[in-house]
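Hello,

I am handing over a structure for you to look through, and my notes on it follow just below. Please keep it open beside this message while you read.

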Amino acid sequence: MTLIQDTLPQTRHLATAIPGPASTALHREREAHVTSGFGVALPVFINRAGGGILEDVDGNRIIDLAAGIAVTSVGASNPHVQTRVAAQMGRFTHTCFMVTEYDSFTQVAAWLNTHVPGDFDKRTALFTTGAEAVENAVKIARAATGRERVLVFDDAYHGRSLLTLAMTAKENPYKLTFGPFPGEVFRAPTATRLWARGAEATATSELKAVEALLDENGPETFAAMVIEPIQGEGGFLVPAPGFLAGLRELATRHGIVLVMDEIQTGLGRTGTLFASEHDGVAGDLTLTAKALAGGLPLSAVTGRADIMNSVHKGGLGGTYAGNPVACAAALGVFEAFEDGTLLGNANTIESTAREILEPLVAETSVVAEFRGRGAMLALEFTDKATLAPLPALAAEVAAACHGQGVLVLVCGTDGNVIRLLPPLVIGQELLRDGLRVLRGAITAANNARQDASNTAALASA
């Protein structure tokens, strides 16, 4: 089998403007047939992808710093995944695990039970999407505790279904016009934002606020406390030291199921298999999806056996839950992590990005913070004098990168963060090329803003 990653040049190349004529024509066709409710970050149509490159139908080779929103962490054409999937496709595509069984489901569950943080006996349930995993975690926690309420946090993102939208913080575009949402969801502060106080003080003060919210509403009424160990859509917000450990203590004290949403952070993204390892904290339940099956839809809830087994027989499932082709892909992903190279790559990506981008915090008036772990990194744009968010500048920088053949994504509750999620297989020279383009776009936007400010000051003098 000829592998795409062996034939696709790992260099940036602009054959046309981006988007090119072929992509533009296909996008017009899309508009005639696909609901406008689907957005798009960069309107190009991809023909091939592998390593750190996306090749579009016009022949442009675009540096991929998005990895399908942290899905193709092992690459979009990983040979381990391709081989496993091809073999499974030759046998069968589906039977429904609730009707007749297949061993790959069990093998995926066994791997997760072994590798998910937590020194306790575990069980796993497989589903299809991240939102499914979140909703099933809530169901499991309610079954185990006999309680109803769910505690989530500022800047959280947990999915697009109605319950997970209630749990998600950002209004536009996720929640706008879609209410009302399910009740019994409470929101607490997090120790993650740009603060004037020190990290330790922030963790301490925000934990007090979480405890006050629990006390006010009755901690004995809460089934689950759900948090991302690094908040993704909220802006790649890293918790202050001690915050996750403090939540672990609160959850244990009050008999609340602590759910670690590792849907975006898991499977090597932060330089460890799971981001919660950085804080030495294990959830009672841990959620995975996105990178779990290398581009095929698969999600999982893994947790304490007594909690997972508290659900009545038949209470969990789904027609496509743990589809055999997706399970085969996941087994390929696990193989790709076996020699430790990908985890090492994640940490090298962080070192390279810090070298090139972190100086912008001191060099510009708009980059307030460079943050993240491993290959989950972000720059937040604010007016440094006021910390007022600059979403238009973030969008301007992203557009400039796209025009030069570098795919970056905007995120953040205020839309003022550029996030970096390169595949863990990206080559160093390609990564450096993409980061230099990003650095140049930020510098140009900063200089233009300063020039405009100086011009305005002279005009008013």
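Ala, Val, Leu, Ile, Met, Phe, Trp, Tyr, Cys and Pro count here as nonpolar, Asp, Glu, Lys and Arg as charged, and the others, Gly among them, as polar. Please bear in mind that this is a predicted model.

With those classes, the lining of the second largest pocket has 11 nonpolar, 8 polar and 2 charged residues. This pocket holds about 530 Å³ of space, and of its 21 lining residues the closest to the centre are Phe97, Phe105, Thr124, Ala125 and Leu316. Helix H5 (103–115) and strand S4 (122–127) are the elements that each give two or more residues to the lining, and the largest share, 5 residues, comes from S4.

Turning to charged side chains, the count comes to 18 salt bridges. One of them joins Arg12 to Asp433, with the closest N and O atoms 2.9 Å apart, and this pair links parts of the chain that are 421 residues apart. Another joins Arg84 in helix H4 to Glu335 in helix H11, where the closest N and O atoms are 2.7 Å apart. Arg84 counts as partly exposed because its relative accessibility is 29%, which lies between the limits of 20% for buried and 50% for exposed. Arg248 and Asp284, which also form a salt bridge, are both buried.

Arg269 is buried as well, yet has no salt bridge, since the nearest side chain of opposite charge, Asp64, is 8.2 Å away, whereas a salt bridge needs the atoms within 4 Å. A polar atom of the Arg269 side chain does, however, lie 2.8 Å from the backbone oxygen of Pro422.

Best wishes

Methods. Residues numbered from 1 in each chain as written. Predicted model: local features only at pLDDT ≥ 70, side-chain atom pairs only at ≥ 80, totals over all residues. Heavy atoms only, no water. 1 Å grid on protein atoms, 1.4 Å probe; cavity = no way out; pocket = protein on both sides within 12 Å on 5 of 7 lines; lining within 4 Å. Points joined across faces, edges and corners; volume = space filled by probe spheres on them. Helix = DSSP H or I, 4+ residues; strand = E, 2+ residues; numbered from the N terminus. Buried < 20%, exposed > 50% of the residue type's maximum accessible area, 1.4 Å probe, protein only. Lys, Arg positive; Asp, Glu negative; His and termini not counted. Polar contact = N/O pair within 3.5 Å; in protein donor to acceptor, adjacent residues only side chain to side chain.
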